[in-house]
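Student: Can you walk me through this one? Start with whatever terms I need.

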Amino acid sequence: MHRRLHLTARSRKQTSPTAFAEAERAARALAAKWPEVQLLNPGGMVRIIVEDMSSEAAKDVLETFRHLAAHVGLEYQHYGVVLWDPEDFAQADFVACVGVSLDGTPDGPFVVNEKEALRPAPPDPRCGHALPMARIQEADLRVREAALLGPGDLAESRQPAPPGGWDAVTLVTGGLVVSTRFLAVLKREGATGYHTRPVIAAETGSPSARAVQLLPDRIVCVPCPGHTEASPPGPCPFCGIQRGQLEGREFRPRSQVDGVSLFVADPFPLGMIAFSRSLLTALEREGIRTLAPIVPLLVCDD
Ligand SMILES: [Zn+2]
Ligand SMILES: [Zn+2]
């Protein structure tokens, strides 16, 4: 993993002309000195991005702006965004994944009855937290089967469907509708910890022969507080919503994930699904390459 530095100084309107001019001059000098310093100057703002927050260039940027704050009263904000590298996914025990999105096509969304089938969930009664993505399923999903054969959005680019159609489609909640081919691999590999729900082909009104909704039996959403570094106050112990910021690799206790090949990694039942690495390897071996890795998860011995 690495952290990307984002630094934003106050805009021309919000600060003194002297401080702003100093910030602009310093930013230009930093960009000239370090090739990895990206300078964005949208409409009277100074924004700097450095891909690796631990690099000498990033340290120079932070030191320079600390100095400006002390000497000309410049106000700025900075933060680091955690980004995962390929080796993080290769070393993970489970990987939370998304599939293709088929909602950006001119023929309309993939799920045609989203409003009726997926009602917004009320706040968790134990802690009062609510996530806008949390939904309660009240009916089978009706989907446009034809969209499985058309282009979709995967890993930030629009791509044509693979031969035979897409194998995993992301829902608004982060969960998945998968192909019967995908399901056959889960069965063949002896995957455990899931059930399925039929989806209805909107074209015919009958249960789809191509796709089903994949529903893990277990939610394991709270990162292990002993091993996962997070800035206070950390995850809510009831619903798992992260209140502080995760500072590093995310762990799940073995006692909670033992015996399952997949689980829901978000604090609501229709959320993003994490698959064991061996299952992901098997899916890939069978030619199923529709899953995009989002969060690597490690298992700790409690
Ligand atoms: Zn909560
Ligand atoms: Zn732990």
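Tutor: Two strands pair if DSSP finds at least two bridges between them. Strands (E, at least two residues) are DSSP runs, numbered from the N terminus. This is a predicted model: local features need pLDDT of at least 70, side-chain atom pairs count only at pLDDT 80 or more, and totals for chains, interfaces and linings use all residues. Residues are numbered from 1 along each chain as its sequence is written, with chains lettered from A and ligands numbered from 1 in the order in which they are written.

Student: In which sense do E11 and E12 pair?

Tutor: Antiparallel, over 3 bridges, with E12 covering residues 176-179. One bridge joins threonine 170 to leucine 176 in E12.

Student: What is the strand order of the open sheet?

Tutor: E8-E13-E14-E12-E11, 5 strands with mixed pairing. E8 (142-143) and E11 (168-170) are the edges; each has a single partner strand, so one side of each lacks a neighbour in the sheet.

Student: New topic. Which residues touch the most other members of the largest nonpolar core?

Tutor: Val95, Ala96, Val177, Ala265, Ile273 and Ala274, out of 53 residues. A nonpolar core is a set of buried Ala, Val, Leu, Ile, Met, Phe, Trp, Tyr and Cys residues joined through C-beta atoms within 7 Å. Buried means 20 or more other C-beta atoms within 10 Å of the residue's own, with C-beta atoms placed from the backbone. Strand E5 (residues 94-98) gives this core its largest share, 5 residues.

Student: Which residues are in the second core?

Tutor: It is separate and has 19 residues, including Ala23, Ala58, Val61 and Phe65.

Student: And where do the domains fall?

Tutor: Domain 1 is 2-83 and domain 2 is 87-300, with bounds from an automatic or database domain assignment. Their C-alpha centres lie 37 Å apart.

Conventions. Helix = DSSP H or I, 4+ residues; strand = E, 2+ residues; numbered from the N terminus. Buried ≥ 20, exposed ≤ 12 C-beta atoms within 10 Å, placed from the backbone.
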